[in-house]
Amino acid sequence: MNKYATPEIVPGVFAIGITDWSRRIFDAISPTPIGTTYNSYLIKGKDKIALIDTNKKGFGEEYFGKIKQLLGNLKVDYIVMNHAEPDHAGLIPKLLSESNARLICTKRGKELAQVLHHVAEDRIDIVKEGDGLNLGGKTLQFIPQPFIHWPETMMTYLVEDKILFSCDFFGSHNTTGLFDDQAEDVITWAKKYYAEIMMPFAKMGRMAMDKIKDLEISMIAPSHGPTYRDPKSIMDEYARWTGEITKEKVLIIYVTMYHSVEKMVHLFAEQLKDEGIEVFLFDLVNSPLGELPYHMVDSRAVVLGTPTVLGGMHPLAIHAANTMKLFKPPFKYGVILNSYGWAKHGLNQGISFLEEMKIEVIDGIGIIGSPSDEDIARIQDAARQLAGKVKSGT
Ligand code: FEO
């Protein structure tokens, strides 16, 4: 009886990743309500054995148990480190201590392996674009691509089986199935992951897409979530997301204290809908901030609604603005809606924020207290203007 599941995804390639069922947050910001997986693969060539990535510290017993179940020991020949982040590289030191394995990584990967994982320099082989490694009937080709999360990241292509081990690229915190056709809500989970991890590096994502566009790919095996037996499905989505191809959609992010801003954003949203624009309202008080990036991926415009508090935007709106700056959404147009008692500082700060992000400011409306009939007409007019821009833009 086998104690561990080590599915052979194609002959000679075994999925030996771990499911972290109980993880509930990633990077202390991104919700993982159904946990995540740390994927790793063992490739048996006729002559040599390689691992694609390892696993997170704390999962050693199960992870090493899987390797021992397949090999009888931990003596692998190569550990391909596509990424040095500890969720994938945390068990490298233990494996190196149990074998004569060489660590295969990029030049930046070597630096990080030494600093983060204390790997001795003489155990590391640096690879660059176009380099390969023959395991005997299984040939690995390395495709370095910085910032498909960190600067050292790379993808690895298994030539004979046409499998792309894509690192965090195409990943998802989805624990519902080994393969895409067995898992639930595959694209939704992948979009959430893209938003949190890849959206800030969309340009690098486009470079990665360009590098793999001529590869024959039968399977994409990312470092989190299901393996894609239908690679086209996720590649088509990534072409849109990394290409920053947005929809006729407006994300309205707001915080309200005495319902005045709430009235403003509701009026704005209703008018946008009337104009045929898709709208999503994100209430900063009642929604986890970690869910915000997901709603940014395909929104063409943003509306930020905030009261003035202590000489500026409400602290939650400032927090959201800083989050936007970090995640670099593809917004082209923006509007600020502000309610104040005696000073428009929240409005001014919001407009400065949009300008800083190089978002075209379509309007900024500051009103005292709750909207009057005149204010309502102005808000509806601004919404019509924004709808026109969203429809004319791409
Ligand atoms: Fe899954 Fe960037 O590590």
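Which residues lie nearest the centre of the largest pocket? I find G17, T19, T37, N39 and L178 there, out of 20 residues that line the pocket. A reminder to myself: this is a predicted model.

**Largest pocket.** I read a space of about 320 Å³ here. Strand β3 (18-20) and helix α1 (60-71) each bring at least two residues to the lining. By class, I note 10 polar, 8 nonpolar and 2 charged residues in this lining.

**Second largest pocket.** This pocket holds about 150 Å³. I listed its lining: the run T256, M257, Y258, H259, S260 and V261, plus P307, T308, S339 and G369. Both α8 (260-274) and β19 (299-309) give at least two residues to it. The lining has no charged residues; I see 6 polar and 4 nonpolar.

**Cavities.** How many cavities of 30 Å³ or more turn up in the whole structure? My search gives 2.

The largest cavity has about 40 Å³ of space. Around it I find N39, Y41, I52, D53, N82, F165, S166, C167, A221, P222 and S223.

Helix α5 (residues 186-198) contributes the most, with 4 residues. I count 3 nonpolar, 1 polar and 2 charged residues around this cavity.

How values were computed
Residues are numbered from 1 along each chain as its sequence is written. This is a predicted model: local features need pLDDT of at least 70, side-chain atom pairs count only at pLDDT 80 or more; totals for chains, interfaces and linings use all residues. Side-chain values use heavy atoms; hydrogens and water are left out. On a 1 Å grid over the protein atoms alone, a cavity is a set of points where a 1.4 Å probe fits but cannot get out, and a pocket is an open set with protein on both sides within 12 Å along at least five of seven lines; lining residues have an atom within 4 Å of a point. Grid points are joined across faces, edges and corners, and a volume is the space filled by probe spheres set on the points. Ala, Val, Leu, Ile, Met, Phe, Trp, Tyr, Cys and Pro count as nonpolar, Asp, Glu, Lys and Arg as charged, and the others, Gly among them, as polar.
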